[in-house]
Amino acid sequence: IDKTGQSIVLLDQDFFDEIIRRPVPVDIRVIKALKNSSLALDIYAWLTYRMSYLGRKTEIPWRSLQNQFGSHYADT
């Protein structure tokens with residue numbers, strides 16, 4: 001929170017440069033549709049990022065998603 005009480009996010013220069021150099025295309029309609037689920041937003045952003053640089057078909061097993069986003073989710 002800055003001096004005016006506004007929330008701020010500070011990015012280090014390397015991260016800022018990377019997101020400027022390689023932006024990830026997101027569909028704002030999807031963001032709006034998923035706005036009530038933090039997990040769904042996280043998975044959408046992660047998969048969109050992954051798909052933006054993969055050059056071949058890649059399988060992402062459910063176990064990998066579980067490990068990526070939290071090990072406390074049920075297996076079913």
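1. Val9 sits in the segment before helix H1 (13-21) of this predicted model, and with a relative accessible area of 69% Val9 is classed as exposed, because the cut-off for that class is over 50%. Val9 also belongs to a nonpolar patch on the surface that it forms with Leu11, Phe15, Phe16, Ile19 and Ile20, and these residues together have about 570 Å² of accessible area.

2. When neighbours within four places in sequence are left aside, Val26 is in contact with Tyr44 and Thr48, and both Tyr44 and Thr48 are buried residues of H3. From Val26 to Ile60 there are 34 residues in sequence, and the C-alpha atoms of the two are 20 Å apart in space.

3. Helix H3 (residues 38-53) has 16 residues, which at 1.5 Å a residue should span 22 Å, and the distance of 23 Å between its end C-alpha atoms agrees with this. Within H3, Trp46 and Arg50 are buried, as are Tyr44 and Thr48, and the cover over the buried residues of H3 includes H2 and H4.

4. As to confidence, the mean pLDDT of the protein is 86, with 92% of its residues at 70 or more. Helix H2 (residues 28-33) has the highest confidence, at 96, whereas helix H4 (residues 62-69) has the lowest, at a mean of 82. Where pLDDT is low, the predicted coordinates should not be read in detail.

Terms used: Residues are numbered from 1 along each chain as its sequence is written. This is a predicted model: local features need pLDDT of at least 70, side-chain atom pairs count only at pLDDT 80 or more; totals for chains, interfaces and linings use all residues. Side-chain values use heavy atoms; hydrogens and water are left out. pLDDT is the predictor's confidence in each residue, from 0 to 100. Helices (H or I, at least four residues) and strands (E, at least two) are DSSP runs, numbered from the N terminus. The expected span of a helix is 1.5 Å times one less than its number of residues. Buried means under 20% relative accessible area, exposed over 50%, partly exposed in between (1.4 Å probe, protein chains only). Contact means heavy atoms within 4.5 Å. Patches are made of residues with over 30% relative accessible area and no salt bridge: like charges are joined within 9 Å, nonpolar side chains (Val, Leu, Ile, Met, Phe, Trp, Tyr) within 5 Å. Accessible areas come from the Shrake-Rupley method with a 1.4 Å probe; for residues, only the protein chains shown count as cover. A salt bridge is a side-chain nitrogen of Lys or Arg within 4 Å of a carboxyl oxygen of Asp or Glu.
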